[in-house]
Amino acid sequence: MTYDLIIIGAGPAGVSAAVYATRQKLSILMLSKDIGGQVAKKAVDIENYPGFEKISGPDLVDLYKKQLKANDLSVTLGEVVGIEKNDNIFSVKTVDDKEYKAISVIVTSGAESKLIHVPGEEEFAGKGVSYCSLCDGPVFKNKDVAVVGGGNNGFETAVFLSNYVKSVKVLEYGEKANADAENQELVAKNPNIEVITNAQVTKIEGKVFVSAIYYEDRANKKEKKIDVSGVFVEIGYSPSTNFLGNLVDLNEKNEVIFNSETLETKTPGLFSAGDCNVSRYKQIVMASGQGALAALSAYNYIRKVS
Amino acid sequence: MVIIYSTPTCVYCHSLMEYLKSKNIEYKDIDVSKDEKELEKMVAISGQMGVPVIDIDGNVVIGFDKKRVDELLNLK
């Protein structure tokens, strides 16, 4: 069958796009490797989304699921590996060799954790190196751990981890940690968290599992070692756009370039919304707004071509 | 026998459980944040510390790898 619309991804942008598209009576397939995207990994409560004084990531994901169900929408689990457009029909291929067709596609594939690219990182991934503190944090009960990155994600991760672990060292490359004032305050008053600035991580070491992280103190070029069982990498995200091939133009950060009025990419009928797009700020509310805009634009496109 | 090793805060673990429920597959959920022995067992059988870990009749799958889970449970 050929759907009106395939939505790739089921984070804030994807869910918002699906809800808007279903109100236009489009036949929709949502394809995603998970539900909630980065919201599902959020280590602390969300306090800047309209209508909610405070809500946790997993609770917001539950509400997404409920809203999708109420609209008779379900997410087909699958990782998209490629898209083609032939004779005005898009074919979307998944990692399990399935192929789905649609008149229009909205990409809301979001972003993946950035790697630090130091020796030991790959070797110990899952063996002490983690990119999901919310998932794996409780496994490190009473252990010493490090968080790489002193932005909001790093500080929020440190605060979350401090509920379980013995101590957290936050390693920040810059002279100053960039986390916002509220997070700085939370960390400052937490006796189990120490922030080390000017720290360039050089390697992660261990036998079977992580036992230490090394960094160079950029102020005096001396290498230092911290004994830890866990390393949580929180240095930001890079957009998941590799599977889009030459159907879109990307900027130097691999973010999708789009028409600001419609969110259409350079390929007619292919729209893009959320954290995979060019934007200075990545926020849940912004991704949600783009999802809605992409859905309305896709509806107009579908009406015109069919 | 399907065993899931999980933590309460892991959304992927919940997605996995919901998926198995939707396919009428019975499973036993073990919260490794509460049971150190089970955590050690999970680390021993999977050789790593990330959740979820799924044990399907002795075949160990790390993470919610849907393709592998589908294969092992003959799901389509």
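In the predicted model described here, B:S15 is placed in helix α1 of chain B, which covers residues 11-22; helices (H or I, at least four residues) and strands (E, at least two) are DSSP runs numbered from the N terminus. B:S15 counts as buried at 11% relative accessibility, where buried means under 20% relative accessible area, exposed over 50%, and partly exposed in between (1.4 Å probe, protein chains only). When neighbours within four places in sequence are set aside, B:S15 is in contact with A:K65 and B:F64, contact being defined as heavy atoms within 4.5 Å.

Residues are numbered from 1 along each chain as its sequence is written, while chains are lettered from A and ligands numbered from 1 in the order in which they are written. Because the model is predicted, local features need pLDDT of at least 70 and side-chain atom pairs count only at pLDDT 80 or more, whereas totals for chains, interfaces and linings use all residues, and side-chain values use heavy atoms, with hydrogens and water left out.

The secondary structure of chain A comprises 6 helices and 17 strands. The radius of gyration of chain A is 21 Å, close to the 19 Å that the globule rule gives for 306 residues, so chain A is as compact as a globular protein of that length; the radius is taken over C-alpha atoms, and the rule is 2.2 Å times the number of residues to the power 0.38. Taken along the principal axes, the box filled by the C-alpha atoms of chain A is roughly 65 × 40 × 35 Å. Of the 306 residues of chain A, 54% count as buried, and among contacts in chain A with a separation of 6 or more, 60% are accounted for by residues 24 or more positions apart.

Chain A is divided into domain 1 (2-113 + 237-305) and domain 2 (129-233), with bounds that come from an automatic or database domain assignment. The C-alpha centres of domain 1 of chain A and domain 2 of chain A lie 32 Å apart, and 9 residues of domain 1 of chain A are in contact with 9 residues of domain 2 of chain A.

A:A199 is found in strand β12 of chain A, residues 199-206, and is buried, with a relative accessible area of 3%. Not counting residues up to four places away in sequence, A:A199 touches A:L171, A:E172, A:Y173, A:Y215 and A:E216.

Most residues other than glycine have a negative phi, and most peptide bonds are trans. A:D97, although not a glycine, has a positive phi of about 65°; A:D97 lies in the loop between β5 (89-94) and β6 (99-107) of chain A and is exposed, with a relative accessible area of 71%. In chain B, the phi of B:D57 is likewise positive, near 50°, in a residue other than glycine. B:D57 is located in the loop between β3 and β4 (59-62) of chain B, and with a relative accessible area of 57% B:D57 is exposed. A cis peptide bond, with omega about -5°, joins B:V51 and B:P52, and B:P52 is placed in the loop between α2 (36-46) and β3 (53-56) of chain B.
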